[in-house]
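Here is a colleague's note for someone meeting this structure for the first time. Please read the numbered points with the sequence and the model side by side.

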Amino acid sequence: SSGKSSVLESVVGKDFLPRGSGIVTRRPLVLQLHKIDEGREYAEFMHLPRKKFADFAAVRQEIADETDRETGRNKGISSVPIHLSIYSPHVVNLTLVDLPGLTKVAVDGQHEGIVQDIENMVRGFIEKPNCIILAISPANQDLATSDAIKISREVDPKGERTFGVLTKIDLMDKGTDASEILEGKSYKLNFPWIGVVNRSQADINKQVDMIAARKRENEYFANTPEYRHLASRMGSVHLGKVLSKHLETVIKSRIPGLQSLINKTIIELETELNRIGKPIAADTGGKLYTIMEICRTFDQIFKDHLDGIRPGGEKIYQVFDNQFPASLKRLQFDKHLSMDNVRKLITEADGYQPHLIAPEQGYRRLIESCLVSIRGPAEAAVDAVHGILKDLIQKSMSETMELKQYPTLKVELGSAAVDSLERMREESKKATLLLVDMEYGYLTVEFFRKLPQDAEKGGNPTHSLFDRYNDAYLRRIATTVLSYVNMVCGTLRNTIPKSVVYCQVREAKRSLLDHFFTELGKKEGKQLAALLNEDPAIMQRRTSLARRLELYRSAQTEIEAVAWER
């Protein structure tokens, strides 16, 4: 009840604020004054865009209604501000925030913590170093008890951003005056105190207009002996001009910092928008193009992993250099070439008639039984590479930022890529196992021709079936077979990786998405739109970011214009 609302109305020159006893201002009011060259005065609320208020009584009612909509009618408060812009030829360019007045006790209908809530709200605004504080105190009360001065001193102890305004000067007891305060003798601030004389309640009831009230205010200071020497810097008109000029000075001093902050924010917003991606095209061709571009981006990232531009492809080489050779070494050929097994296979291969020179069929069966076991490591190598490729697909999808925008497309694309890999794995497995089968399907004759022939160490037909060969001869057979099998393992160690790379890695690089693209070309507009079914949260986020970016770019342009004027 220090006259804050009256001061604001005097600066604006209009009756537009709710009045009454107790806490009338229950939400922050962000008031932006815009000086126009000519035309009719009007007001606009941010929560009612494109609606102009020419009747300021309606503005007052809307402030009250909007306050009740947020706080209810129980005299509660809210820190959510009301934004009001007033356009008039009779105002200065100025932005003010009207805050609830500090109070000491809660009235009926208010909770006990409202006193502290109001103080916290006020502090939330005035603690900011860029805030200019307009501390309004009534002259007919002891300045030492002024809550406005007290809290202003706490947040601005040097008074570098506090303007003191003294109201109700005309209501002081006879024989007292406020000249020492206005002269800065009793309480000094960096900026001179400004006294104002607001309209009385009787004036308000009589609907005395602002022009007449301002004239009466000027006459009061000019004709009162105690204030005559201060009249040039007293009054609400002077207050508005001083605040506008000071605000302009402060803003200009902050321009370099503001420009830096705005430029940084613009870069951050642009980066975020690029990360989220562009909005979806409306036409079918645009949708198809968008999907194809996203798929190509994913495909290139996948290839980069294989080619070493991104990590992951080296794991395939580790399969061929470590895992596959180690699995070959772990094959237990000695079990296949034990004395008992060699004797068994050799004699079984002879049938009813023992061999004459060398047990060829026995050799073949021993070699085949060893080489068949290589199929296991060969298949494991195919599966290991398949698993690595599958992991690289998942990694590439997570690194394709555009896919985060379209979860349905991500699922479809991932499924199609994995299906392609599965087909490639089957082809790779056939080709790889064919290499193994070929080795025991046709033996390298030259290897055996180079071996020394010793007919005397052949079997003795007079001995029993399982005793016709001596151990030395059987060991020689086992050694020969093992040498041949090791030779074949050396060959397969080189050829199987080639087969796997040709059938899986090379094919994945060449045609991973061919089938997906073929099916994509058959889809209609609605099906393409379903693939680009964007998360609503992302759409809302993009819209919000675009709006903020537009505002910051506008601010950047305006601030640069002001900077040039300097």
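**Notes on the sheet and its helices**

1. Please keep in mind throughout that the model is predicted. The strand β2 (residues 42-45) is joined to β4 by four bridges, and these two strands run antiparallel.

2. On the subject of β4 (82-88), Ile-86 also has Leu-33 standing opposite. Strands β1 and β4 pair in the parallel sense, over seven bridges. Is β4 mostly buried or exposed? Six of its seven residues are buried, so β4 is largely enclosed by the rest of the structure.

3. Leu-33 also stands opposite Leu-94 in β5. The strand β1 (residues 29-35) is joined to β5 by five bridges, with the two strands running antiparallel.

4. Taken together, five strands form an open sheet in the order β3-β2-β4-β1-β5, and the pairing is mixed. The edges are formed by β3 (52-53) and β5 (94-98), each of which pairs on one side only. As background, strands of a sheet pair through backbone hydrogen bonds, either parallel or antiparallel.

5. Which helix lies across β1, β4 and β5? This is α1 (residues 4-12), which runs at about 165° to β5.

6. Two residues of helix α2 deserve a separate look. Thr-67 has its place in α2, and because its relative accessibility is 6%, under the 20% limit, Thr-67 counts as buried. Leaving aside residues up to four places away in sequence, Thr-67 touches Arg-26, Arg-27, Gly-72 and Ile-82. Ala-58 likewise has its place in helix α2 (residues 56-71), but with a relative accessible area of 28% Ala-58 is partly exposed. Between Ala-58 and Pro-81 there are 19 Å in space, C-alpha to C-alpha, and the two are 23 residues apart in sequence.

7. Helix α16 (residues 407-441) packs with helix α18 (residues 471-511) at an angle of about 160°, and their axes are 9 Å apart. Since angles over 145 degrees count as roughly antiparallel, α16 and α18 are therefore roughly antiparallel to each other. Their crossing is right-handed. How do the residues of the contact of α16 with α18 divide? There are 12 nonpolar, seven polar and four charged residues in that contact.

Terms used: Residues are numbered from 1 along each chain as its sequence is written. This is a predicted model: local features need pLDDT of at least 70, side-chain atom pairs count only at pLDDT 80 or more; totals for chains, interfaces and linings use all residues. Side-chain values use heavy atoms; hydrogens and water are left out. Axes are lines fitted to C-alpha atoms, for helices over the stretch in contact, and angles run from 0 to 180 degrees between N-to-C directions. Angles under 35 degrees count as roughly parallel, over 145 as roughly antiparallel, 65 to 115 as roughly perpendicular and the rest as oblique. A crossing is left-handed if the near helix is turned anticlockwise from the far one by less than a right angle, and right-handed if clockwise. Ala, Val, Leu, Ile, Met, Phe, Trp, Tyr, Cys and Pro count as nonpolar, Asp, Glu, Lys and Arg as charged, and the others, Gly among them, as polar. Buried means under 20% relative accessible area, exposed over 50%, partly exposed in between (1.4 Å probe, protein chains only). Two strands pair if DSSP finds at least two bridges between them. Contact means heavy atoms within 4.5 Å.
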